[in-house]
Each structure stands twice: as C-alpha cells, then as structure tokens.
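Student: I would like to go through this model by asking about one part at a time. Can we begin with the ligand?

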Amino acid sequence: MGRPVYINTSTLSKEQLSQYKYGQRKYEFNCYASDMISIHRTLPDFRAPECKSLDYGDELPRACVIVIFHNEAWSVLLRTVHSVIDRSPPQHLKEIVLVDDFSSLEHLKQPLQEYVDKLDKVSLIRAPVRSGLIRARLIGFDKCTAEVAVFLDSHCEATEGWLPPLLHRIKENYTNVLVPIIGAINYETFEYPAPATTLDTISVGGFHWNLIFSFISIPQRERMRLNNARHLPIRSATMAGGLFAISSKFFLELGKYDSEFDIWGGENLELSFKTWMCGGTLETIPCSHVGHVFRVRSPMTRVKTAHPVIRNMKRVAEVWLDEFKEYFNATNPHDKTDIGDISERLALRKNLHCKSFKWYLQNVYPEVFLPGKAKASGEIRSSARPLCIDGERRYFTDSEYKLKFHSCHNQGGNQYWIISDNDEIRLSEWCWDTYGRLAISMYRCHGGKHRQEFLYREDDSIYNPDSGKCVELPETGSVLILADCTDTSRQKWIINRKPPK
Ligand code: LR7
Ligand code: MN
C-alpha cells in the first residue's frame with residue numbers, strides 16, 4: 001500500500017551493508033529498500049472523490065507508453081512497467097516500449113531481455129550508442145503505433161485510474177498535452193506519500209530564467225477559473241518533462257524534440273513553450289496520479305552539469321525566447337558553448353506560425369518574474385575579502401539552495417543575483433530570507449517583503465528593515481549573518497546598480 005520500508009543499517013550483515021551501499025552509490029536512491037518491495041505492490045487510490053465517479057467511456061484513443069532508461073535498478077524499472085500493465089485498462093494500452101540508452105549494468109542485458117520476452121505488449125529496444133534521454137525517447141516514439149504517446153521516467157509508479165483521464169483529454173482535442181499529478185516517491189523508503197489533491201496544494205509548472213523547470217502553486221487567476229473544482233484540468237505554463245501524454249499526431253506536428261539535445265535537460269521547456277505558442281494547451285490532470293522517485297542528486301551529475309545542459313538550454317533560448325533570451329544569457333554571461341545549427345528549428349517555428357514568446361508570457365505565465373524590472377543585478381562582492389555570495393543550486397531538487405561564500409568566478413550562474421523592484425534579492429524564484437533570525441537563508445520568493453526585503457543602500461550596506469539589521473560577512477564561519485549596522489567593511493557589498501538589458 002505504498003508504505004515506507006525502513007532499513008536499520010546497524011542490523012545488516014557485512015554483505016548486506018555492502019549491497020545497501022552499492023545501491024545508494026549507483027542510483028542515488030535506496031535500491032536495497034526497493035528490492036524488498038513487490039514489483040506489483042498495491043497503492044492507495046489517491047484521487048479526489050470527484051474523480052472516481054467520472055466516466056470516460058470506452059471509446060478512447062490507445063496509448064503507447066515509452067520508458068527510457070540508463071543504468072536503472074531492476075526492481076525500480078520493473079515496478080514502473082508492472083504498475084502500467086496492472087493499472088491500465090487493457091483495451092486502452094496498446095504497447096509499452098522500453099528503450100535502453102546504452103546501459104552497462106549486467107541485469108539490463110540478457111536477464112532483462114528474457115524477462116521482457118515473457119510479457120505481453122512489452123518490447124525492448126537498445127540504443128546503439130549513449131543517446132541521452134531526448135534521443136532515446138525519439139527512438140522509442142518511432143517504434144510506437146498507437147494514437148497517443150505517454151512518456152515515463154524509469155522510476156515511476158502509475159496509480160489506479162491514471163490513464164483514462166489523459167486519453168480522454170486528447171480525445172476531446174488532439175492538441176491537449178497532459179501531465180499527471182506527480183507523486184514524490186521517497187528515495188530512502190520508497191513510501192508513496194499522499195499527494196496533493198486540492199487547488200491550494202497542487203503544483204503546476206513554471207520556470208526560472210536559467211531555463212530550469214520549477215514547480216509553482218496554481219496561480220490565482222487559474223484558481224478562479226476552476227472555481228474550486230478538484231477534477232478539472234489545470235492549465236500549466238510548463239511541464240517537468242518526464243511524465244506526460246501527447247497525441248502522436250501533435251508531437252509529430254510540433255517537430256517532436258530537437259534531436260540535437262544531448263543527455264538531459266531543455267526538452268521539457270522546449271515542448272512546453274511550443275505546445276502553447278503553436279496552438280496547443282498544456283494541462284495538469286488532477287485525476288491522474290503517477291509517482292516518481294525524486295532524488296537529491298543525480299547519478300549522472302557529472303554529465304549533467306557539463307556542456308550538454310547549457311547547450312540544450314541555449315538552443316531553446318535561441319529558437320523560442322525572442323528578445324527575452326537576454327534574461328537567459330544574463331544568467332550565464334560568459335558562456336561560449338557553441339550551439340550548432342538551429343536553422344531547422346527556426347524554420348519549424350516559422351512554418352507552424354507559432355506565436356511570440358511575449359504572447360506566451362502575457363497569456364500563459366503572467367506571474368513570471370521579469371528581471372528587466374530589477375534595481376541591480378550580477379555578483380554580490382564583499383568589500384572586506386575577495387569573496388562573492390553564492391547560491392549553491394542543485395539541478396534536480398527545488399529545496400536544496402544554500403548560501404555560501406566563494407571566490408568570485410564571474411560566470412553568473414549561482415553568483416547571479418537580482419535585486420528586484422520590490423527589494424528582494426533573488427536567484428530566479430528563490431529569495432534571501434531572514435527566517436533564521438541571525439543568518440540569511442533562501443526561501444521561495446513570496447513578494448510580501450518583511451523577511452525578504454533588503455535595501456541596497458548608498459553606503460553599500462544591505463539593510464533588512466524588518467529586523468533593522470544589516471547583512472554581514474562573518475569573521476569566521478560560512479553563513480551570511482544579520483548584525484547591527486556598523487561601518488565595518490564586512491557590511492559593505494559591491495553590486496552593479498544597473499538592471500540587466
Ligand atoms: O543519458 C541519459 N539517458 C537516459 O535514458 C540520461 C537519462 N536517461 C533516462 C533516465 O534513466 C530516466 O529514466 O532519462 C530519464 C530521466 O532522467 P532522470 O530521472 O535522471 O531525470 P530527472 O527526473 O532528474 O529530470 C527531469 O528533467 C529531465 C530534463 O531533461 C527530464 O525531462 C526528466 O524526464 C524529468 N523528470 C521528471 O519530469 C519527473 C518529475 C520530476 C521533476 C521535476
Ligand atoms: Mn527522473
């Protein structure tokens with residue numbers, strides 16, 4: 001029933017412990033716990049009561065579920081596959097296509113092939129080289145023959161009733177692109193916690209100007225439109241990327257993905273932007289729940305933080321962001337990555353007569369923070385020591401932002417701060433906050449001043465009116481502190497007082 005498994009490592013034998021550690025290291029989740037749970041485990045029915053009584057009829061388009069993987073754990077991958085088989089009405093599930101993105105782990109070779117051969121409707125394709133998740137999905141998509149393509153990461157769990165509401169929306173209009181509510185399966189215990197089912201708690205998609213996806217709460221105007229209904233599709237500016245349904249016809253019309261995207265990243269926003277800009281609608285379906293194992297780190301971190309991510313993002317910015325690409329560029333001002341040829345993608349956009357990015361921002365995501373309104377931006381350099389304030393960011397979770405000091409690297413990124421028109425100090429949607437009373441931490445920007453208000457004053461101090469204190473570089477220690485305002489150079493900060501272009 002989705003309950004957690006707790007492993008007490010002190011009771012494990014030496015051999016078990018080394019197995020446990022191997023799993024953690026290899027996958028960044030607790031594979032040892034996952035292996036103890038049935039790959040057919042049951043789950044509670046998470047849907048709101050309004051959802052359970054909906055009848056979608058029998059005349060739905062059929063789905064091809066595409067699951068790509070690179071070195072995935074056995075039990076986690078197969079739980080993904082079986083959750084789909086066990087919880088999809090057979091008449092609506094045409095096929096499951098697994099794409100192995102050039103894995104090296106033994107269990108994914110012959111043993112997986114033999115396992116899959118015994119399953120109905122499931123096929124396994126091997127990418128001939130490491131293709132990255134985008135091209136691996138394209139390989140899978142090309143094998144599909146169903147009217148609808150449903151993409152899932154290889155560490156997911158479909159829950160009761162997940163598929164029909166997605167298919168139903170596509171039946172109503174083939175340009176609807178749908179995302180389920182994504183349940184956060186715990187990477188330590190594999191618990192499937194009760195997901196959000198109310199408009200106050202459900203998240204939809206936003207993005208930061210570095211073109212990283214972010215979860216945001218449902219904007220006020222959308223809540224009004226939904227009038228508290230808990231079963232209606234919720235318009236979403238973007239998708240996280242891993243779990244969605246799209247009609248094969250529409251995916252083809254939109255030019256699938258940019259096949260130049262390598263390894264990881266960017267494809268989620270590319271598809272989100274062009275869905276809206278080129279005539280479609282992107283929605284979160286509150287009656288469809290699918291779990292995903294969220295990790296703190298990625299097992300592929302080294303690949304991800306290197307060039308491919310930046311290159312993918314730059315291609316998205318060049319093709320889709322129009323004049324707003326300057327905001328993206330400002331987050332990475334000295335990047336020289338060559339993005340290759342984008343003429344084909346520009347031609348695609350032209351041929352589809354897609355709307356402008358300005359239209360998208362005004363109509364689909366008016367809540368987005370526009371750095372152009374900023375009072376100051378760039379690095380925040382200490383006058384006392386050659387250090388800059390750095391917001392250590394992790395690509396894969398939203399809660400892992402940390403403030404620290406670092407030598408000034410002049411590369412933007414985690415040292416690219418914006419002082420907004422209402423005096424927040426921001427790194428994309430994250431703000432300095434005095435919640436810790438004496439130290440400064442980062443929380444989601446709330447726009448309500450108080451603990452998130454910082455005045456960059458003429459004397460180069462940064463002042464928080466709420467506490468009446470100033471931001472100070474401590475003599476020792478690595479946290480940014482709040483202290484009574486004095487003349488010390490440790491309270492003087494150098495910031496470029498001009499907004500970005
Ligand atoms: O080279 C690779 N080849 C692969 O086949 C790299 C990855 N992969 C596979 C991998 O095994 C996994 O099944 O691709 C899938 C996604 O990789 P993850 O799980 O490491 O990515 P993620 O969950 O951290 O990242 C999110 O953003 C990605 C951007 O490119 C993709 O869109 C992922 O699908 C996406 N995941 C989700 O949207 C799940 C919801 C979580 C969020 C946010
Ligand atoms: Mn994932």
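This is a predicted model: local features need pLDDT of at least 70, side-chain atom pairs count only at pLDDT 80 or more; totals for chains, interfaces and linings use all residues.

Student: How many residues surround ligand 1, and which are the closest?
Tutor: The shell around ligand 1 holds 25 residues. The closest are Asp 101, Leu 133, Ala 240, Gly 241 and Gly 242.

Student: Which element gives the most to the shell around ligand 1?
Tutor: Elements that give two or more residues to this shell are β1 (63-69), α6 (132-143) and α10 (267-277). With three residues, the element that gives the most is α6.

Student: Is His 208 buried or exposed?
Tutor: His 208 sits in the loop between β7 (203-207) and β8 (213-217). A residue is buried if 20 or more other C-beta atoms lie within 10 Å of its own. His 208 has 21 C-beta neighbours inside 10 Å, so His 208 counts as buried.

Student: Which residues is His 208 in contact with, leaving aside its neighbours within four places in sequence?
Tutor: Contact here requires C-beta atoms within 7 Å. Beyond those sequence neighbours, the residues in contact with His 208 are Ser 214, Ser 428 and Glu 429.

Student: What separates the C-alpha atoms of His 208 and Thr 331?
Tutor: Along the chain, His 208 and Thr 331 are 123 residues apart. The separation of their C-alpha atoms is 9.9 Å.

Student: How many residues does the contact take from domain 1 and from domain 2?
Tutor: The domain assignment gives domain 1 (9-37 + 58-293) and domain 2 (372-494). Their C-alpha centres lie 36 Å apart. The contact takes six residues from domain 1, and from domain 2 it takes four.

Student: By class, what does the side of domain 1 that touches domain 2 have?
Tutor: That side of domain 1 has no charged residues. What it does have is three nonpolar and three polar residues.

Student: Which strands stand at the edges of the open sheet of four strands, each with a single partner strand?
Tutor: The order of the sheet is β20-β21-β22-β23, with antiparallel pairing. Each edge strand has a single partner, so one side of it is left without a neighbour in the sheet. The edge strands are β20 (455-456) and β23 (481-483).

Student: What is the bridge partner of Asn 464 in β22?
Tutor: Strands β21 (residues 462-464) and β22 (residues 469-472) run antiparallel and are joined by two bridges. In β22, Asn 464 has as its bridge partner Lys 469.

Methods. Residues are numbered from 1 along each chain as its sequence is written. Chains are lettered from A and ligands numbered from 1 in the order in which they are written. A residue is near a molecule or strand if its C-beta atom, placed from the backbone, lies within 6 Å of it. A residue is buried if 20 or more other C-beta atoms lie within 10 Å of its own, exposed if 12 or fewer, and partly exposed in between; C-beta atoms are placed from the backbone. Two residues are in contact if their C-beta atoms, placed from the backbone, lie within 7 Å. Domain bounds come from an automatic or database domain assignment. Ala, Val, Leu, Ile, Met, Phe, Trp, Tyr, Cys and Pro count as nonpolar, Asp, Glu, Lys and Arg as charged, and the others, Gly among them, as polar. Two strands pair if DSSP finds at least two bridges between them.
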